[in-house]
Every structure is written in structure tokens, then in C-alpha cells.
Amino acid sequence: MTTTAPRLEEVTAENLDAALGVRVRPDQEHAVAPVVKSLAEAYVHPGTAWPRLIVDGDRAVGFLMAFFDLDWHDDGGSVVRSGLWRLNIAAGEQGKGYGRFAVESVAAEIRRRGGRELHVTWHPGPSGPEGFYLGLGFRRNGEVVGGETVGVLELG
């Protein structure tokens, strides 16, 4: 039996259908936008958005989109942050470490770019990802944006 390690791939014409096929569980759909919306947002925010397909072997198992140097308050840059914008792990692939891999990959890219914090927002509620993020070491920073809790992970 061959084991593979997950990897990130740029979303291209060749893997676009695989990316668009990534779907979370039905009870999670309210908490994360579909991949197609993320790709549209990446198109209109090319300097900020970093969309990537999460692949294991030849299977698309998830999708992430990070953001870098985002003007958080849209006021000319009083607060600039980087972090995880979207995380979609395919329904049948959850609980296998792909979400952790995604967060660690974004953390590594933020560090590579000189950042020291990884920000994320999540919908509160029983089927939301709060437990996942808190379990990875994120802490609530007291902010709520668009009804979502803001969390931060210190990258040291």
C-alpha cells in the first residue's frame, strides 16, 4: 500500500473541475462559501487572495484560500493582516488531518512572507469550525466581523 502526503496545488484549467467538486457536508454549507465563490473572489482580489487545491495522491480532498496583507478595516491600512480566508474539506475527507495540513501550510507561507500572526474568522454554532480552530491553538481576539468570530494564531 502506497501512502502519500497531502500537497497544495495552484488552481489551473487542468484541475478546475476537481476544485469545483470539493463540497463540505450539507450541515456545514451555511458556514463556508462554496469553492466557486472563493475563486471568483480570488479573481477580483489577485494581489491578496491565494487559492490552493488540497490534493492527496490523485484526489482533490479540499480547498483553501489564504489572504496576505489585507487592509482589515478598508481604511487605507491602519490594520493589515494575513490569514485563512476559506477552508473547504470535502465531506468524505474530514477527520483525516487535511484541515490541520491546510492551516499549517498557510502558517508556513505567512512566516515565509515575514508575518507573525495567522487570522481566521468562523461562524459560531454547533456545526461550525470553532472547536477545530481552538484545538489548533487559535484564540478569540474579541472581534466579530460580519457575524463571524475572529481568531488569531501566534506564529512566533
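Helices (H or I, at least four residues) and strands (E, at least two) are DSSP runs, numbered from the N terminus. The model is predicted: local features need pLDDT of at least 70, side-chain atom pairs count only at pLDDT 80 or more, and totals for chains, interfaces and linings use all residues. Residues are numbered from 1 along each chain as its sequence is written, and side-chain values use heavy atoms, with hydrogens and water left out.

**A strand residue and its contacts**

L84 sits in strand β4 (residues 80–89). Buried means under 20% relative accessible area, exposed over 50%, partly exposed in between (1.4 Å probe, protein chains only). L84 is buried because its relative accessibility is 3%. Contact means heavy atoms within 4.5 Å. Neighbours within four places in sequence aside, L84 contacts residues including L64, F67, V103, L118 and Y133.

**A helix residue and its partner**

E41 belongs to helix α2 (residues 35–44). At 17% relative accessible area, E41 is buried. Residues up to four places away in sequence not counted, E41 touches M65, W85 and R86. The side chains of E41 and R86 make a polar contact at 2.6 Å. Such a contact is a pair of N or O atoms within 3.5 Å; within protein, one must be able to donate a hydrogen and the other to accept it, and residues adjacent in sequence count only if both atoms are side-chain atoms.

**Salt bridges**

Side chains of opposite charge can pair when their charged atoms come close. A salt bridge here is a side-chain nitrogen of Lys or Arg within 4 Å of a carboxyl oxygen of Asp or Glu. The count by this rule is eleven.

R139 is partly exposed at 42%. E154 is partly exposed too, at 45%.

E104 and R100 both lie in helix α3, four residues apart, about one turn of the helix.

What links R59, E93 and K96? A network of salt bridges joins these residues. E93 is buried, with a relative accessible area of 13%. R59 is partly exposed, at 35%.
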